[in-house]
Amino acid sequence: MRGFKLVQLKQTAWAALVLLVAAPAWAQANLAEVEVKATQVAGNVYMLTGMGGNIGVYVGDDGVVMIDAQYQGLADKITAAIAAVTEQPIKTLVNTHFHGDHTDGNAPFARNGVMVVAHENVKTRLAANDKFDRDGLPKVTFSDGLEVKAGSQSVRLQHYPNGHTDGDVVVWFPQANVIHAGDLFFVDRFPFIDLNAGGNVQGFIDNVRAVIAELDTQTQIIPGHGPLSNRADWLRLVHMIEATREEVLTLKQQGMSVEQVIEHGLSEQWQAWSWSFINEERWIRTLYQ
């Protein structure tokens, strides 16, 4: 986005992210304490923080396109936060992938007439989850890319296969140099690469580099988790993945087992990237595979 200042946001407490992904039951029990905040990124593009993946909001001429939905118990707070910045109704909800901290909140919006849109693999995975509220299943799916109308403009969705999951979508907002990267972007933390859901380390790297090639130094990026960021921040994540993978593969080629690599550990420079959900041990296991 040219002509607008980068909005500095206070970074979400990373320790809490383990609760967003690994312990949704705990999270649901504590939603009453969550405050959903809206921050203007550029013109009619906003970023909402609360509990779960960051939400993107595009205010179109005749309605709002919302990116991701966090948890069901936050729907009223999310709706109120959006209502505070526009009188336009929420018309479309896009899921960047299938994980619960991005999709659990689908159902209450869908019951209010909001159209849920996602990659076809997201619908398949959500439909296979018996605990997922069926009202929240995507009504519109696509395989490669899709443009979602927002009045006179369109929000562009692009699928990037086998990175964080097999259903990752990056969102481009019209007339604003802003994107929503979903969980292809964890800011300055080891990312969660869901190897059991089509995620792949090399695919993650390739996908991020493919998106970065379309950005410039002024592009603002709403990450899946962490503060509003830019191209350099995302490249820092890629460089970390490549460097730590090289460390792990070198030790593996020397004949070390995964347990021995874990005991050896990564270089000291990567200690700050460890967090509650993806600590150094889990990151090494991801890279070793």
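Helix α8 is followed by G255, whose phi is positive, near 100°. Helices (H or I, at least four residues) and strands (E, at least two) are DSSP runs, numbered from the N terminus. The model is predicted: local features need pLDDT of at least 70, side-chain atom pairs count only at pLDDT 80 or more, and totals for chains, interfaces and linings use all residues. Residues are numbered from 1 along each chain as its sequence is written, and side-chain values use heavy atoms, with hydrogens and water left out.

Helix α8 covers residues 231-253. The expected span of a helix is 1.5 Å times one less than its number of residues. For the 23 residues of α8 this gives 33 Å, and the end C-alpha atoms are 33 Å apart, so the two values agree. At the start of α8, a side-chain oxygen of N230 reaches to within 3.2 Å of the backbone nitrogen of A232.

Several residues of α8 are buried, among them W234, L237, I241 and V248. Buried means under 20% relative accessible area, exposed over 50%, and partly exposed in between (1.4 Å probe, protein chains only). The buried residues of α8 pack against β11 (178-186), α7 (201-212), β12 (220-225), β13 (229-230), α9 (258-264) and α10 (280-288). Contact here means heavy atoms within 4.5 Å.

Two packed helices are described by the angle between their axes and the distance between the axes. Axes are lines fitted to C-alpha atoms, for helices over the stretch in contact, and angles run from 0 to 180 degrees between N-to-C directions. The axes of α8 and α10 come within 9 Å and cross at roughly 75°. The two helices are therefore roughly perpendicular to each other. Angles under 35 degrees count as roughly parallel, over 145 as roughly antiparallel, 65 to 115 as roughly perpendicular and the rest as oblique. On the α8 side, the contact is made by M240, I241, T244, R245, V248, L249 and K252. On the α10 side, W283, I284, L287 and Y288 take part.

Two strands pair if DSSP finds at least two bridges between them. Two bridges join β12 to β13, which run antiparallel. Q220 stands opposite N230 in β13.

Q158 is buried, with a relative accessible area of 18%. Its side chain makes a polar contact of 2.9 Å with the side chain of D144. A polar contact is a pair of N or O atoms within 3.5 Å; within protein, one must be able to donate a hydrogen and the other to accept it, and residues adjacent in sequence count only if both atoms are side-chain atoms. Not counting residues up to four places away in sequence, Q158 touches D144, G145, D168, V169, V170 and W172.

A further open sheet has seven strands in the order β1-β2-β3-β4-β5-β6-β7, again with mixed pairing. Its edge strands are β1 (37-42) and β7 (140-142), each pairing on one side only. Neighbouring strands of this sheet are turned by 25° against each other on average, direction ignored. Strands β5 (residues 90-94) and β6 (residues 115-119) pair in the parallel sense over three bridges. V94 stands opposite V117 in β6. Helix α6 (residues 120-127) lies across β6 and β7, at about 105° to β6.

Strand β3 is mostly covered: five of its five residues are buried. I55, V57 and V59 lie on one side, and G56 and Y58 on the other. Strand β2 (residues 45-49) pairs with β3 in the antiparallel sense over four bridges. In the hairpin of β2 and β3, G52 takes a positive phi near 125°. Strands β3 and β4 form a hairpin with four residues between them.

Y58 is found in strand β3 (residues 55-59). At 2% relative accessibility, Y58 counts as buried. Y58 stands opposite V65 in β4. A polar contact of 3.4 Å joins the side chains of Y58 and N44.
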